[in-house]
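Let us take a friendly walk through this structure together, with a few stops along the way. Have the sequence and the 3D view open as you read.

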Amino acid sequence: MAEYNPVLPREVVDRSFAKQGPKQYTLWVDLEHCIGCNACTVACKAENNTPVGVDYNKVIEIEEGDFRDASKTPNVGVTFVPMPCMHCGRPACQAACPVGAITKRKEDGIVLINKDKCIGCRYCAWACPYGAPQFNAEAKVMEKCTLCVHRTDKGLLPACVTTCPAKVRFFGELNELSTLMKERRALSVSISVGGADTKPSVKYTK
Amino acid sequence: MKLLENSITRRDFLKVSGSVAALSQIQPASAQEWLAQVGKAGSRPDMVGQEAKIVRSVCLMCHSGCGIQCTIQNGELVKIDGNPYHPNCYDYVSKGDIVEESDLDGGLNGKDVGTLCAKGQAGIYTLYSPARLKHPLKRVGPRGSGKWKTISWEQAMTEITEGGMLFKDVPGEENRMIEGLKSVLANDKPIGPEDSDYMDEAPPEGWGPKRNQFVWAHGRNEQSPLTPRFVKDACGTPNMLNHCDRCAGTFYNVVEHVMNVPPYEIGAYADYEYTTFLISVGSNITHADYPGQTRARYLQKFAKRTGPDAKIFKHVIVDPWLSPAAAKALQSGKGEWIPLKPSTDAYFLLGMLRWMIDNKAYKADFLSLPNEQSAKKTGRRNWSDMTYLVRTVEPKLYLSGKDAGLGQADYVVLVKGKPMLFHEVDGAADLDAEVELNGVKYKTVFRMLRERAHEKTIAECEKFCDIPAGTISRLAKEFSSAKRPVIEMFRGPVQQSLGWWNGQALITLNMMMDNIDRKGGYIPGHKAYSGSVGGPKRTPAGVTIDRHKAKYQGKKATSTRPFYPLASRTVTTEFFGGMKQGYPYRTKIYLNYYNDPAYTQPLNWTVTEALVDLKAVPLTFSIDAYMGETTMLCDYVLPDTDYLERFGGFKTYPPVKTQVQALRQPVIGTLDPKTKSYRGVHPDVQTADDTLIQLAIRCGLPGFGKDGGGPGKDLFTSWQFWNEFYQNGDFKGEPGLDPDSRLVKLGGKYENPGKQYDASGEYTRFPGGRQVRGLYAYAANVAANKNSMTGKYYDGLPKYGFIVDCKENEIDPAIWKEYPLQLHTHKDAWHTQTRTMNNLWLASIKPQNFAEINPADAQKMGLVTGDWVKVKSPSSKHIPYVDTSMGDGWYKMQVRVTSRIRPGVFSVSNSYGRWGAGGKAWAADGKPQYFDKRIGAGFSVNPLYMADPILKDRILIDPVAGGTQSYGTPLRVEKI
């Protein structure tokens, strides 16, 4: 039986990347096998201590097709799509932020909101096609998925990746992930919303 | 166990901000870097450093028993992950020896962690929930009034055990004298006419002792063997009722009979990794079932990605609802969704059986084997009763050797037409045959099944199931020609009035393919590691109040209410139905243990009306961590700790093939080093274990207190019990709950994952041992018993049918004219029945549910998503606590129009529409207590089931195994 690692080997999270030029760390989600159980949603919540109503990761359900006549074979489908921050190549949130609170880290491409600079105007939420930035009503700041930078900086995988019961989330450098996807002969797709081209880095296969 | 700091200050969820008190002083350099980049405002992850403490225990957000790894930082629970040593949470294929791999003292950075579902991870919220009860309570208004006062443990325990004029301050109860628990349990005199209006229906030896008028009902009990020790061994009553009849008791019951496995080992599923063709009937695999996350991974990873036959694996889902598993099956491009009409499973299953028999698409060589030696000779682990002869006149028992003139009372088979004792046959016996002896015809089980299957044509079956013509035949063909086929179930086909027979039919389909116990086949569970605690005990006696395992032997020809001689689990629904009537004898005291039938039981007005009736039950008390819907109807509430604050342990389920006993231990709180008394986050709350032990001691019951576990073994606390438990049986020679033991550090005893199959590689290994055994397609014990309502024998074979009442008649077809839709339920992965909407981390994932209907039905009624409808069933009644009740049995609901549900069905996901557990306002000491509207959001379908048309006071129930008709009952829906 071909061994199929549930998560990328630890070495993939290479801490020497800063010397090797720009890289993009990101997530790959295998949509064919994602069951929409929301374990990632709650892992993220527990890890990041977000208040009720603020979720950095959500799972949306897309229903397609129509089924009205039981005498015919149903032509329907449901796809579960986990939606973290896409850590875009051209982040619309960053462009929209009037106070420069949003940065894209050069060394790993992770997009972060500096909540101390954030004024809570929510322009980033309007600009983001993916609904990633969340408003923390009590602190009156925007916050979002950090790709668990506090964990990955220590060489740990993001909380959503370690907990996934169906093992469909993968973390790594974009090129490494692409290689893995090719090995799996999986067709990579990006989710594009409303024609916006923000170059989302999170990859999906379906 | 080391003393843990006790802290309740940190996770104050009322302050919804995630901002935490203070950052840990010790931080790695890289942490500083990112911290500067994200700033300090708003939500912030915990700085879990080397000083964090790991405690491994076992989850109880659902009943899967997954191991958990809890991270404690500064005395607070900050994260729950899967325990990497528990087989529910890891991929055994990538692991070797647990002993070698153990990194017992490693912190979070020491090991990778196991997987865990949304519910398990949200246990943090459950522990610190503001809705938890913090003191014992006594009602100060009428039952169900929602008015309480805080009392001391001393007062609560004294009043419950001693009785008296307990509610003299409540208007209408001034003179009500209540008998206490101590007096009831000490009364060994027989139940007489003063306790029962139905003495003429009692068996010759009577109903049993009066102490049986104490009735226990649990919803979730993972504290065995302490809880049965209290109820059965100490109180001495057989009335330890569970929730299995409204859950999946029939499933376990029928698996245990047909597959001939001991109770509680538990259920049967596909061995996903090596299965090539899987039909899941009514099984919400990936979002429900046990263990949810494990089966999801076995299916999604092992079967579809890493298994040797992943490329050809095909999954067929038979379900009126496009479940997530069905969605996945369709997404793969080679699976199918078969949306059959609810409660027509018998037609689907027997239709398949018919096709397979007609086309000789079964393993005749296996089915012809009549005994152990012939099974062993062919390298098999089991054989079946397919060749055994059965009488064709009632009672339709197996032909015994004595009756056949062969001497012994053993099974008889035919070999080339000649009767022989089954064990004397060398090789095969006649499969499809019959014989006449002394004027009576005897047929083989196989022939009887064939004739039964022939009662309907496949075209008729498809008409009943409302699925496209040719589908049943095609699936039967694919199933029977697959390399390693399995058909599996969970609640769908069995949680019905024909549930027993449907389950029998489904397992028989597996038997036809010789896949039982096989690698890649249909595999039952196995024994968990177990300990034990000795000591003196009483013996329960008498007829169970729900009449499970009780045969009707009364003087009248038929009984007033049904008996369930074959139900191996309890029929609690029937208990509540009979409670108001005092049938078969009256209840004096009801103890509600971690249980919520008032919310979870189909047709729940039968529970609410019975429990508020002072005559039906004079004293009630509840052990609960929340003000649940049932707890709120009781007289006293004794607050329980959360599952993260108690001792105990739990097993696991198939397809896990290694032996397990996970240890439950407190992840937080304090243990007194001298008294071994444990307290969790709330100082005036104790574990239910401790409460039961104290009740037993106060009532002078055996098996607890000084020398309770035998000479020199005191049992005053939960810790003492479990410490003793974990030193006996499979734990012999181990140091119990010693904090330095492997058991405590690993969070359980786990077998190495290496060995999954036996030496031949063909069969599962069955850790704990299992003999080569016979399988029973025919249920002779069922056929030997009579339905007490009709005096007619039950049918020992699976049968065609739809929904039947307690006399086994199909419900009046005319009813569908007025009530044309069929009720149906489903469930989301982040919900259980009652433990999740009061957890706002989970409730916020989908803030409300909807009644889901097909676009075809919506069009007929002019409905679009978001519209409100009113719904009623032939039996729905107003329940005063439910806000969506409009009176007269109508309930309001909001619809969602979706092609995920087949036409003609009204499907509502469970768990929503709470009015307890913080879902609705209540008061203690005149002050309003915590509640949150978000807990009560959405709709519950339980008030809307149809009652048994004969009994009228409880839902339709499977007359054999006692399971409720949880799907498919009629509904009327109107736009408002």
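A crossing of two helices is called left-handed if the near helix is turned anticlockwise from the far one by less than a right angle, and right-handed if clockwise. Helices (H or I, at least four residues) and strands (E, at least two) are DSSP runs, numbered from the N terminus. With that in hand, you can see that H11(B) passes H14(B) in a left-handed crossing.

Before going further, a word on the source: this is a predicted model, in which local features need pLDDT of at least 70 and side-chain atom pairs count only at pLDDT 80 or more, while totals for chains, interfaces and linings use all residues. Residues are numbered from 1 along each chain as its sequence is written, and chains are lettered from A and ligands numbered from 1 in the order in which they are written.

Axes are lines fitted to C-alpha atoms, for helices over the stretch in contact, and angles run from 0 to 180 degrees between N-to-C directions.

| Helix pair | Partner residues | Angle | Axis distance |
|---|---|---|---|
| H11(B) and H14(B) | 445-453 | about 115° | 9 Å |

From H11(B) come Tyr347(B), Phe348(B), Leu350(B), Gly351(B), Arg354(B) and Trp355(B), and they meet Ile458(B), Cys461(B), Glu462(B), Phe464(B) and Cys465(B) of H15(B). Sorted by class, this contact holds eight nonpolar, one polar and two charged residues. Here Ala, Val, Leu, Ile, Met, Phe, Trp, Tyr, Cys and Pro count as nonpolar, Asp, Glu, Lys and Arg as charged, and the others, Gly among them, as polar.

Turning to H14(B), its Leu449(B), Arg450(B) and Ala453(B) meet Leu350(B), Leu353(B), Arg354(B) and Ile357(B) of H11(B). The contact of H11(B) with H14(B) has five nonpolar, no polar and two charged residues.

**The nonpolar core**

A residue is buried if 20 or more other C-beta atoms lie within 10 Å of its own, exposed if 12 or fewer, and partly exposed in between, with C-beta atoms placed from the backbone. A nonpolar core is a set of buried Ala, Val, Leu, Ile, Met, Phe, Trp, Tyr and Cys residues joined through C-beta atoms within 7 Å. The largest such core has 353 residues, of which Met352(B), Leu353(B) and Val413(B) touch the most other members. H11(B) gives the most to this core, with ten residues. Leaving aside residues up to four places away in sequence, Met352(B) touches Ile472(B), Leu475(B), Ala476(B), Phe479(B) and Leu509(B).

**Backbone details in the loops of chain B**

Next come some backbone features to look up in your viewer. The peptide bond from Glu394(B) to Pro395(B) is cis, with omega near -5°, and Pro395(B) sits in the loop between strands E15 (389-391) and E16 (412-415). Another cis bond joins Tyr583(B) and Pro584(B), with omega about -5°; Pro584(B) is in the loop between helix H19 (572-579) and strand E22 (589-593).

Arg547(B), a residue other than glycine, has a positive phi near 60°. Is Arg547(B) buried or exposed? It counts as buried, because it has 26 C-beta neighbours inside 10 Å. Lys952(B) also is not a glycine, and has a positive phi of about 65°. Lys952(B) lies in the loop between strands E40 (927-928) and E41 (970-975), and counts as exposed because it has 11 C-beta neighbours inside 10 Å.

**Chain A and its contact with chain B**

Chain A has six helices and ten strands, and 53% of its 206 residues count as buried. The contact between the chains takes 60 residues from chain A and 72 residues from chain B. On the side of chain A that touches chain B, the largest share, eight residues, comes from H1(A). That side divides into 25 nonpolar, 20 polar and 15 charged residues.

Note on methods
Two residues are in contact if their C-beta atoms, placed from the backbone, lie within 7 Å.
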